[in-house]
Amino acid sequence: MKKKHLITGITGQDGIFLTAEILKNNPKDVIIGTSRNYDKSNFKRKLNVLMNFETDDKTIQVAKVDLLELTAVKNLISDTEPDYIYNLSGPSSVYKSLSENIQTYSTLTTIFNNLAIAISDSNLDCNFFQASSSEMFAPSLSALSEESKLSPRSPYAEAKLQIHEKLQLLKGIGNINYSSGIMFNHESEFRGDQYLVMKIINFALKVKTHKKEVLKIGSLDLIRDWGYAGDVAEAIYKINIENESEDYVIGSGVGHRIEEILNIVFEFFKLNWKEYVVVDSSLLRKGDPITITCDPRKISSRLNWNSSTSLELMLNKCIEFKLKITD
């Protein structure tokens, strides 16, 4: 039977990969998306990079819905009656949340609350996935699991934690399976230019075209669990169709230093990053942990999911896509 999937924030990198993942597994299903800034041609162009078949407007329907307005969200849920809901919407920049703390916190929590109220009022029988964040965790030298201590250090993380805790309270209520994926750093060719990986790639491109500039980085030694958004989307899909209310950390389980990213990116262009990169510790967030890595044993054993894209392959995909669109 044809199912309906509602994806909030469908035009973000996770939304695009999730759309492709759903259609790869269920090409006849219907996908309803919401986006604040929907550009149909740009969305389809990116989707076509991932898929070997065209989609029509009946398969994917994207609407500009203000998720901060409860009435609009109620209408969206009652009109579409989705079988699966994936909440990927809201601000995603931790650093930006430090300067826009009230707006970031309010936006993330209001969107979730509106969805939860609308789902409850409509008496839906559905599965709900919430995009949680590894930023919720307390600093730890050990790999982080579903049971690790939570201690947010930014307005973004505080909002994610409040949502995560509300999700736990909703479990077992009605006919809804509430799950969350606590996602670690993940990148892709569709990542915004304001994020570190894309900043490094864009800078290397400028250097290659003989523009003499300097790139300032807070540290070479921070270790993060950098995964690929395509792998993460596969995990999101598996979690939400599981028909159980469970939480999973989603990450590769492998930590990489920022210096490794510089080595791979600059080696691609046959450049020496040491000639262009300057370390400026003032750029670091206060209390930023040295290491954040994932312990993905639960999702590996229960859902048979493992990250399959190496750091080098992920970075090469990003570089090659950038080269293609800048030619």
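Q: What makes strand 2 and strand 3 count as a pair, and in which sense do they run?
A: Two strands pair if DSSP finds at least two bridges between them; strand 2 and strand 3 have four bridges and are therefore paired, in the parallel sense. Strands here are DSSP runs of E with at least two residues, helices are runs of H or I with at least four, and both are numbered from the N terminus. The model is predicted, so that local features need pLDDT of at least 70 and side-chain atom pairs count only at pLDDT 80 or more, whereas totals for chains, interfaces and linings use all residues. Residues are numbered from 1 along each chain as its sequence is written, and side-chain values use heavy atoms, with hydrogens and water left out.

Q: Which residue of strand 3 is the bridge partner of Ile-31?
A: The partner is Ile-60. Ile-60 belongs, with Val-62, to the covered face of strand 3, while Gln-61 and Ala-63 make up the uncovered face.

Q: Why do strand 3 and strand 11 stand at the edges of the sheet?
A: The open sheet has seven strands in the order 3-2-1-4-5-6-11, with parallel pairing. Strand 3 (60-63) and strand 11 (247-250) each have a single partner strand, so one side of each is left without a neighbour in the sheet. On average, neighbouring strands are turned by 20° against each other, direction ignored.

Q: Why is the pair of Tyr-38 and Phe-43 called edge-to-face?
A: Rings of Phe, Tyr and Trp (its six-membered ring) pair if their centres lie within 6.5 Å; planes under 30 degrees apart count as stacked, over 60 as edge-to-face and the rest as tilted. The centres of Tyr-38 and Phe-43 are 6.1 Å apart and their planes stand at 65°, so the pair is edge-to-face.

Q: Is Phe-43 called buried or exposed?
A: Buried means under 20% relative accessible area, exposed over 50%, and partly exposed in between (1.4 Å probe, protein chains only). Phe-43, at 3%, is therefore buried. Tyr-38 has 22%, so it is partly exposed.

Q: What makes Arg-191 lie over the face of Tyr-195?
A: A charge sits over a ring if NZ of Lys or CZ of Arg is within 6 Å of the ring centre and within 35 degrees of the ring normal. Arg-191 is at 3.8 Å from the ring centre of Tyr-195 and lies over its face. Lys-298 likewise lies over the face of Tyr-248, at 4.7 Å.

Q: What is the size of the largest nonpolar core, and which residues have the most contacts inside it?
A: A nonpolar core is a set of buried Ala, Val, Leu, Ile, Met, Phe, Trp, Tyr and Cys residues joined through side-chain atoms within 4.5 Å. The largest has 64 residues, and those with the most contacts inside it include Leu-18, Tyr-86 and Val-265. Helix 7 (residues 196-208) gives the most to this core, with eight residues.

Terms used: Axes fitted to C-alpha atoms, helices over the stretch in contact; angles between N-to-C directions.
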